[in-house]
Amino acid sequence: MGRYAFVLRRPLQLVPVLIGISLVTFLLSQAMPGDPIRVMLGPKASEEAIAFVRARYGLDQPILVQYGYYLINVLRGDFGQSLAFRSPVLDVILERLAPTIYLLVYGLVLTLLFTVALAVAAARRQGRWVDQLVRFVCIAGLGLPSFWLGLMLIMFLSLKLKLFPVSGFAAAPIDNLWQLFLPALTIAIAVTPTLTRNLRATLVSQLASDYVVAGRSKGLPERWIFYRHVFPNSLLPTISLLGIVVSFLIGGTVVVETVFNVPGLGQLMVRAVLKRDYFTVQGITLFFSIGVVLTTFLVDLVSVALDPRVKL
Amino acid sequence: MSAAQTEAAGGTSRWPASLLAGVAIVLAWLLVAGLGPSFSPHDPIAVDLANALVPPGSDHVLGTDSFGRDILTRIVHGARIDLMMAFFGVVGPFLLGTMVGLVAGNFGGVADAVLMRILDVTVSFPYFVLVIAIVAVLEPGLTSYFVSLTLVNWVSYARLVRSEVLVLREADFVLAARLIGVGEVRVMSHHLLPNAITPAVVFVFTDAVLTIVLGSSLGFLGLGVQPPAAEWGVMIAEGQLYLATAWWICVFPGLAIATLAFGFSLIADGLAKQLHTAP
């Protein structure tokens, strides 16, 4: 079996997790207040009509059978009907997918740029004032609420200085580099502190290892040791965190899309909750969690590709 | 390098500055929440449209909102809600997660496998998204916030406690206790728990930061504490429309959240330094 055999094996291992995810989202629908059939048919529907539709949707069946129906429907791409948008949930989700993906990738790129810059600056001058400053920035940054930070950025940079557009999503991808800069910056700032601490800690522990001493005694320049040896060796633990980071960025989009009025999935989720459009909430939750599972799988793949010692 | 070493050597005998500063900030907010409301001359809820959108000045130190309510008064009253959210938002996950970690780590086998699969599934959901989904089906409000946080956030504590217990259960003093016939429950509560709890306790303060941010975010989105309550996130949501004309409505409650969260963040950093759980 080669190192990449897990690419075939891992999807099978993911099956229990995916079943668990579908169980949770199914239970969410069971916990919904009110009767979805009554909501769908309106207050004037007769009892016979309600019973008929209930039977047609299989909602009069035992709960395990209903779960089976749910699973089959999801596998066929049927996430149910959105009551607020009066169209299939999957269509509503796919319509709003592009802005969210754009924002996630943009936010991730900014996060990585900030993290590497801050962590490298801190680790190379360990214990000195730059290190202390980075530590302070991370401590303070952890507690900055994204929604407030976003509003402050809008207030200063968009309304006062008129540097950026206030909100929205542009049609052309290139325009969105500008249009989505503040939202992407906001979610990046929320995730950067945790990731920076992690990368800095790894860099510091790598700097104390034997190969660094060997490199120094060989007379290699400090910069060479750092960028050629220490830095690449420190990347792997940080990359393995990316699954969690993406999961947090997704959470960030919920808030940030609402603040900056970006027509994506996060904003859709908040609106769906407020409109009690439970099937949409359920669909988005399922969609996002599958996204996280796939990201984690990709991260595993990258880890194996980067480091021959890693076996999965 | 040598400077860092001397600092570390000196740091073991005294408390880190960040810890002291953090404790001071959190104590200050506790004091405000405890005593503030009895000193404030204005009502936090009553509408007074004659005094709407007054800028910061002598009558209203931090100005008033669009309903004419004094911002400072609302921040002081809101401190109770937000501190309560931080406290109860951490207690539920801490208790549930610690118990799960203890049981999974101690018994291993089937119990461990089942609990860890549940954990795997829980962390496959983006944290904030699952909290919102649970809040949605339970109806937005403070109670469903606590319930959903407990259901989602126990995983961090379970992991921390479990990994400690896995090592500790092989330790001599635990084997000795078992040998002389100490029962499972007592082994867990008196021998494993006290030795396994430290990382979880340190995480409580980081978690408090996340919980404050999460709770106020839900308030802001209209999914948490409901208006007209003076919760800080709710206040910022109400000021959103007046960003260009009445900046003070948004700015000051946000500073309140940021300082309180900063206090907990400093404590977390200082504790980690003091207990040498971080480099």
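**View 1. How much area do chain B and chain A bury between them?** Buried area is the accessible area (1.4 Å probe) that two parts lose on being put together, summed over both. In this predicted model, chain B and chain A bury about 4100 Å² between them. Carbon and sulfur atoms carry 79% of that. On the chain B side, look for B:Phe125, B:Val137 and B:Leu243: they supply 14% of the area that chain B buries against chain A, more than any other three residues.

**View 2. Who takes part in the contact.** Chain A brings 48 residues to the contact, and chain B brings 46 residues.

**View 3. A salt bridge across the interface.** Here the side chains of A:Arg276 and B:Glu139 meet, with 3.0 Å from N to O. Chain B and chain A have two salt bridges between them. There are also five residue pairs in polar contact across this interface, both partners at pLDDT 80 or more.

**View 4. The helices of chain B that touch chain A.** On this side of chain B, the elements giving two or more residues are helix H4 (109–123), helix H5 (127–138), helix H9 (198–221), helix H10 (232–239) and helix H11 (248–274). H11(B) gives the largest share, 12 residues. Sort the residues on this side by type and you get 31 nonpolar, 10 polar and five charged.

Key. Residues are numbered from 1 along each chain as its sequence is written. Chains are lettered from A and ligands numbered from 1 in the order in which they are written. This is a predicted model: local features need pLDDT of at least 70, side-chain atom pairs count only at pLDDT 80 or more; totals for chains, interfaces and linings use all residues. Side-chain values use heavy atoms; hydrogens and water are left out. Contact means heavy atoms within 4.5 Å. A salt bridge is a side-chain nitrogen of Lys or Arg within 4 Å of a carboxyl oxygen of Asp or Glu. A polar contact is a pair of N or O atoms within 3.5 Å; within protein, one must be able to donate a hydrogen and the other to accept it, and residues adjacent in sequence count only if both atoms are side-chain atoms. Helices (H or I, at least four residues) and strands (E, at least two) are DSSP runs, numbered from the N terminus. Ala, Val, Leu, Ile, Met, Phe, Trp, Tyr, Cys and Pro count as nonpolar, Asp, Glu, Lys and Arg as charged, and the others, Gly among them, as polar.
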